[in-house]
Amino acid sequence: MLGTEAVDDGLAELYRDRYGPMVRLAHLITGSNAVAPDLVQDAFVKVSARLGEIQQPAAYLRVVVVNEGRAWIRRQEVERRHQPRPVEPIELPPDVDELWSAMAVLPERQRVALVLRFYEDLGFDEIARTLDCPVGTAKSLVHRGLASLREVLHDGTR
Amino acid sequence: MEPADPLETRLRRSLRVVADATVVPANPAAPAGTSGADDRPPADRPSAEPVPLLLDPLDGRRRRAASGWRLTAAAALVALVVAVASVVTIGRRDGTSFGSGGPATTAPPSATAPATSSGAVISPPGSVTPEPPVANVDHWHAAYGIYVCDHFLPDLVDARADAHGIHSHGDGIIHVHPFDDSVAGRRATLGAFADQIGLGLGDTELRLPDGTTYRNGDPCPGGQPMALRVATWKADQASAPAIATRDPADVRISEDRMVITIAMVPEGVSPPPPPSVPTLDQLSDVAPPAR
């Protein structure tokens with residue numbers, strides 16, 4: 001258990017090092033740059049309460065950010081499942097824009113798994129820990145996410 | 001070495017491009033003119049307008065003394081915003097809305113605020129009007145059953161005390177009357193109910209409380225491989241069911257008197273409605289319509 005001073009220093013360091021990367025991660029997970037800083041802010045508040053107890057604050061923070069992002073997506077889901085989530089307009093190259101829009105229609109867990117795999121470069125065991133699921137499920141989510149993405153890009157609809 | 005999948009390569013690049021385009025609010029602790037905690041070289045950083053933070057970064061001589069109250073103040077401020085939004089929502093639902101708003105409803109005010117215990121949840125824009133089932137307002141029932149190959153399994157009972165307002169008495173009926181927001185609105189899902197009765201509801205497998213597990217591909221008695229499906233019927237409608245073939249835990253309990261069959265059946269087999277459907281008309285704890 002860390003002392004108060006060490007916890008404060010740890011939080012400051014964590015904040016300096018991980019705030020930006022976590023905002024970007026939250027943006028990729030939620031598709032909303034506007035909401036990402038708020039989610040990360042909430043995540044830091046939650047992490048700060050347990051900072052003295054946790055062994056790997058950065059990994060724990062990522063789990064909290066992912067959970068916050070997933071909870072936000074679930075709250076945002078519109079009446080019909082798999083209906084595209086609104087994508088905030090940002091200026092992107094056409095091929096990136098097409099893929100970013102396709103990401104918006106994926107089921108939340110597939111989207112998150114793809115972001116963790118191909119943006120965070122996590123292994124399947126780490127993805128499984130982050131999503132609190134078996135490794136097989138993590139592999140399946142990534143595999144299905146890619147398949148869904150192919151389907152959406154091929155169809156150009158959905 | 002296997003060549004990289006072009007889609008994976010494109011996905012990596014696209015995610016990186018979007019991440020680089022992310023506007024990261026400024027962190028005053030960082031050197032002037034940089035985005036907060038930005039881990040990229042200055043030339044790669046977007047030139048974004050800094051956004052003020054609720055929780056200031058902790059810097060310099062003040063950070064030790066300031067960190068505690070800053071975190072508390074941030075949580076309190078967010079809780080205040082959420083509480084105000086809640087009051088506005090309640091006002092609208094009571095027909096005492098501020099301004100002209102939409103048509104008033106007759107629903108009583110919710111007894112719970114949508115804030116979490118930490119007060120740190122920020123409701124997204126437009127989400128302040130609660131969706132049914134509303135905590136401490138709605139009391140719904142759904143008939144459910146677990147069907148494996150060609151027969152229904154015995155109905156399950158709660159695995160633990162019901163702390164949130166979703167449970168079953170072992171009669172094939174899901175009772176949903178949320179005490180809090182954790183099982184209200186879009187969080188009233190089959191996954192939430194499965195947790196309550198100790199049922200493992202994975203994407204491709206069903207694990208009963210006694211450990212018996214049925215997996216996609218396991219053979220039914222006829223030899224055909226089974227697959228997990230969730231069939232739902234709208235209340236009091238004899239139409240064909242909606243069949244969910246993935247993310248079964250996310251299936252919503254979206255209205256009163258829904259009918260749900262969680263099934264492990266061969267491809268092409270349509271799960272039947274559960275035998276507990278008639279029980280929906282014999283319940284003794286049905287509250288008068290509150291909405």
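The following legends describe close-up views of a predicted model.

View 1. Among the buried residues of H5(A) are Glu108(A), Arg109(A), Gln110(A) and Arg111(A). Val112(A), Ala113(A), Leu114(A), Val115(A), Leu116(A) and Phe118(A) are buried as well.

**View 2. An open sheet in chain B.** Three strands of chain B form an open sheet in the order E5-E6-E7, with antiparallel pairing. Strand E5 (200-201) and strand E7 (213-215) stand at the edges with a single partner strand each, so one side of each has no neighbour in the sheet. Between E5(B) and strand E6 (residues 205-207), the antiparallel pairing runs over 2 bridges. Leu201(B) is found opposite Leu206(B) of E6(B).

**View 3. A cis peptide bond in chain B.** The bond that leads from Pro132(B) to Pro133(B) is cis, and its omega is near 0°. Pro133(B) belongs to the loop between helix H2 (63-93) and strand E1 (140-148) of chain B.

**View 4. Asp132 of chain A, a residue with positive phi.** Asp132(A) is not a glycine, yet its phi is positive, at about 55°. The loop that holds Asp132(A) lies between helix H6 (124-131) and helix H7 (135-155) of chain A. With 72% relative accessibility, Asp132(A) counts as exposed.

**View 5. Asp247 of chain B, a residue with positive phi.** Although Asp247(B) is a residue other than glycine, its phi has a positive value near 50°. Asp247(B) is placed in the loop between strand E9 (242-244) and strand E10 (258-266) of chain B. Its relative accessible area is 5%, and Asp247(B) is therefore buried.

Definitions and conventions:
Residues numbered from 1 in each chain as written. Chains lettered and ligands numbered in written order. Predicted model: local features only at pLDDT ≥ 70, side-chain atom pairs only at ≥ 80, totals over all residues. Heavy atoms only, no water. Buried < 20%, exposed > 50% of the residue type's maximum accessible area, 1.4 Å probe, protein only. Helix = DSSP H or I, 4+ residues; strand = E, 2+ residues; numbered from the N terminus. Pairing = 2+ DSSP bridges.
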